[in-house]
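Visitor: I would like to learn how to read a structure like this one. Please show it to me, and let me ask about its features.

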Amino acid sequence: MTRNKLYSSFNGKYEELKQALKGNELEIIKELTLEVHAMVHPAEISGRREKTIADYILDYMLSGNQNVLVPRENYDTDPHYAGTKTVPMCWQFWHIYRIEDLVSNILMADQEQIFNKGWQEKIGASITDTGNALEFDEVVEFGKKIHVDALRDYMLIVGKNTRSIIKNLTLEQIQSMVPEEWVMRILESGGVTTDFRSVWLLVFWGRLTRGGMILTPMTNHHMMHLPACLNNLPILE
């Protein structure tokens with residue numbers, strides 16, 4: 001599988017999902033959501049046979065490359081919204097899955113996030129938030145302490161849990177926004193910090209319906225970060 005095929009496959013199915021979310025066909029929305037979600041997560045999460053974008057990057061990272069430096073995203077990140085434009089590869093997975101954990105559980109399902117002190121210790125993370133505001137020297141130190149096998153375990157649990165949440169959503173939930181107090185629970189639980197480069201996320205998420213959350217961060221947010229890794233892999237053309 002080439003990079004271009006992986007990207008074009010995702011883009012086509014993602015556009016189908018965007019259109020479906022404008023309608024009222026609940027089963028079609030769920031089917032497409034689960035399909036697109038599977039395309040950007042490790043295959044073990046959904047039971048897919050073929051490797052996904054995430055699998056190629058995860059395999060490379062687990063082979064001793066967790067601190068290979070890559071662009072944070074594939075386009076210019078406004079420095080007002082990010083501490084650094086260059087990050088270790090392991091930061092990408094931490095960032096993506098912390099956000100998915102927070103949004104899927106606290107906002108989409110009104111339940112506790114998976115992450116806790118136990119997971120923090122297993123992963124070796126120096127922070128509990130999404131890492132948006134870390135400066136370059138801070139994010140490099142963060143990456144050196146990460147236990148990538150534990151991070152992978154966390155990713156798998158978060159991804160499988162999200163799929164369970166998606167399967168149980170009603171059409172009314174998908175089309176509705178969530179209470180402001182749910183959004184503020186993310187700050188209270190340490191999911192974001194009061195740094196303006198972190199706390200802006202609450203404003204962004206607070207303006208979304210659950211359908212909007214399905215698009216970002218459940219699926220397309222992964223594609224804001226994974227290509228920055230995949231494009232720097234020497235093992236895939």
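Visitor: Which residues does His222 touch, not counting residues up to four places away in sequence?

Guide: A word on the source before the answer. This is a predicted model, in which local features need pLDDT of at least 70, side-chain atom pairs count only at pLDDT 80 or more, and totals for chains, interfaces and linings use all residues. Residues are numbered from 1 along each chain as its sequence is written, and side-chain values use heavy atoms, with hydrogens and water left out.

Guide: Contact means heavy atoms within 4.5 Å. By that rule His222 touches Val40, His41, Ile96, Tyr97, Glu100, Pro217 and Pro227. His222 sits in helix 12, residues 210-230. Helices here are DSSP runs of H or I with at least four residues, strands are runs of E with at least two, and both are numbered from the N terminus.

Visitor: Is His222 buried or exposed?

Guide: Buried means under 20% relative accessible area, exposed means over 50%, and partly exposed is in between (1.4 Å probe, protein chains only). His222 has 0% relative accessibility, so it counts as buried.

Visitor: How many helices and strands does the chain have?

Guide: The chain has 12 helices and two strands. Along the sequence they follow the pattern α-α-α-α-β-β-α-α-α-α-α-α-α-α.

Visitor: What does the radius of gyration say about the chain?

Guide: The radius is taken over C-alpha atoms, and the globule rule is 2.2 Å times the number of residues to the power 0.38. For 237 residues, a compact globule would have a radius near 18 Å; the chain has 17 Å, which agrees. Its C-alpha atoms fill a box of roughly 45 × 40 × 35 Å along the principal axes. Of the 237 residues, 56% count as buried. Among contacts with a separation of 6 or more, 74% come from residues 24 or more positions apart.

Visitor: How many disulfides does a search of the whole structure find?

Guide: A disulfide is a pair of cysteine sulfur atoms within 2.5 Å. The search finds zero. Take Cys90: its closest cysteine sulfur, in Cys229, is 9.8 Å away, too far for a bond. Cys90 is buried at 0% relative accessibility. Cys229 is also buried, with a relative accessible area of 0%.

Visitor: How many salt bridges does the structure hold?

Guide: Side chains of opposite charge can pair when their charged atoms come close. A salt bridge is a side-chain nitrogen of Lys or Arg within 4 Å of a carboxyl oxygen of Asp or Glu. The structure holds 13. One of them joins Lys18 and Glu15, with the closest N and O atoms 3.6 Å apart. These two residues are three apart in helix 1 (residues 3-20), so about one helical turn separates them.

Visitor: Where do Arg185 and Asp110 lie?

Guide: Their side chains meet in a salt bridge, 2.7 Å from N to O. The pair links distant parts of the chain, 75 residues apart: Arg185 is in helix 10 (residues 180-188), and Asp110 is in the loop between helix 5 (89-108) and helix 6 (117-123). Arg185 is partly exposed at 23%. Asp110 is partly exposed at 37%.

Visitor: What is the nearest side chain of opposite charge to Lys30?

Guide: Lys and Arg count as positive, Asp and Glu as negative, while His and the chain ends are not counted. For Lys30 the nearest is Glu27, 4.6 Å away; Lys30 is buried yet has no salt bridge. Lys30 lies in helix 2, residues 26-39. Leaving aside neighbours within four places in sequence, Lys30 is in contact with Ile166, Lys167, Asn168 and Leu169.
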